[in-house]
Amino acid sequence: MSTPIYGWYGDDFTGATDTLATIARRGRRAFLFLAPPENRHLEAVGDLDAIGIAGAARAMNPQEMAAELEPVGRFFRDAGVSLLHYKCCSTFDSAPHVGNIATAIETLRPFVDQALVPIVGGQPSLRRYCAFSNLFASGNGGMHRLDRHPTMSRHPSTPMGDADLARHLRRLGLDDIACIDWTSIDNGSLDREWSRLQRGAVLFDALTETHIAEIGRLIRIAAAKSSMLTIGASSVAEAFFPSVDAADAVSQIDSAGPVLAFAGSLSPLTRTQIEAAQSFHLIPIQAGELISSPTAFERVVAQAVAKLRQAQNVLISTAPADEISASGRHLAERSAELVDAILKIAPVGRLAIAGGDTSSVITNSLGLWGLGYAGRISDGVALCRTRSDNPSRDGMLLMLKGGQMGDVDLFDRFAGFQTVREYA
């Protein structure tokens, strides 16, 4: 097997698959594993330019993150990657007690050669813009400073109260951080500013694709000399692999059999997408019921199995508009048990999961060992083919969707046809 030059760890599964799609669409051989892989699985995949590991660090406390990331760092060091990318959300949602990006840097930096850690602050391709260290993100049809964003400022586990990423990262514990703003790129002084830095971290502004390209040029030159750690969204992959072929966007899915979808996201966009899903039988369940009521759990399993056996698409939702869940990890784990129970009785060829933390926990519970790129259905939403030692779960078409990602008709596009929606 050849040595991959690029390795990435996604702090949730939706983000990890977005980076997989970004690299694959640039004509590079890429594959995403669900844990540091066994040799037999590496051999099954073959030669790669980029190798990824999907995780759930965004929902972990610092101690759990260190335990998760140390074997990841060791694997990438032993694999010989030039660039180790810690893929965080494009809105950098994190807190001192959960998903702490400073903890990720502290844990992974010993596994690379260079002491300087570049942080790419924006992703213009997803309408995420960083100017003078302040992050702006689209939402509800407009552009918002992060601390005024309709979703991220009120995120249930990591509300973002400061748009200044440098200040935010310092509060997480990253004391040694410099900033290179967008004017340095535009006025030609980027290389001079970069050459002054030797260690610590450096946050780059990014407002345009030209900014991303220039940041990528610096990172490629540096990583060619010795291995380095980089932090950011899929804009890091966009920067490192500059060529792009966007011809594989998918609008219709040609695949037999019904679809099982599970929505655990609380975002307004996901709620809108659920309301727009006309080709699904909708089964709502309250989060509290799912966690504490075995009767409700079995009822949903029975309803879902019955509809799937009738070749009807099923969408299970735990996110009604008036509910704010404080259950966090427990709810995600119970959701994973529900999806697993349904698939054991009624296997499907297509599975969709909405919600970043929900996607991570559910996907990690299904007995999969990897995901290959199958196409892109919407900006920030990839389609993957599952790999599993379980024949009934090997080769499923999987769509993982973060709360703020995807077009309004995303679920129906994944289903590939229109029918009249029923309600449980």
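This is a predicted model: local features need pLDDT of at least 70, side-chain atom pairs count only at pLDDT 80 or more; totals for chains, interfaces and linings use all residues.

Modeller: Start with helix α8, which has 17 residues and reaches 25 Å from its first C-alpha to its last. Residues are numbered from 1 along each chain as its sequence is written, and side-chain values use heavy atoms, with hydrogens and water left out.

Colleague: Which residues of α8 are buried?

Modeller: H211, I212, I215, G216, L218, I219, A222 and A223. They lie on the same side of α8, because they cover an arc of only 165° around the axis. The arc is that of the directions from the helix axis to the C-beta atoms. On the other side, T210, A224 and K225 are exposed.

Colleague: Why is A222 called buried?

Modeller: Its relative accessibility is 7%, so A222 counts as buried. The cut-offs are under 20% relative accessible area for buried, over 50% for exposed and partly exposed in between (1.4 Å probe, protein chains only).

Colleague: What is A222 in contact with, beyond its neighbours within four places in sequence?

Modeller: Q114, W194 and M228. Contact means heavy atoms within 4.5 Å.

Colleague: Now the sheet. In what order do β6, β7 and β8 come?

Modeller: The order is β6-β7-β8, in an open sheet with antiparallel pairing. The edge strands are β6 (128-131) and β8 (142-145), as each pairs on one side only.

Colleague: How many bridges join β7 and β8?

Modeller: Four, in the antiparallel sense. Two strands pair if DSSP finds at least two bridges between them, so β7 and β8 qualify. F136 stands opposite R145 in β8.

Colleague: Why does the radius of gyration agree with a compact globule?

Modeller: With 424 residues, such a globule would have a radius near 22 Å, and the protein has 21 Å, so the two agree. The radius is taken over C-alpha atoms, and the globule rule is 2.2 Å times the number of residues to the power 0.38. Buried residues make up 59% of the 424.

Notes. The expected span of a helix is 1.5 Å times one less than its number of residues.
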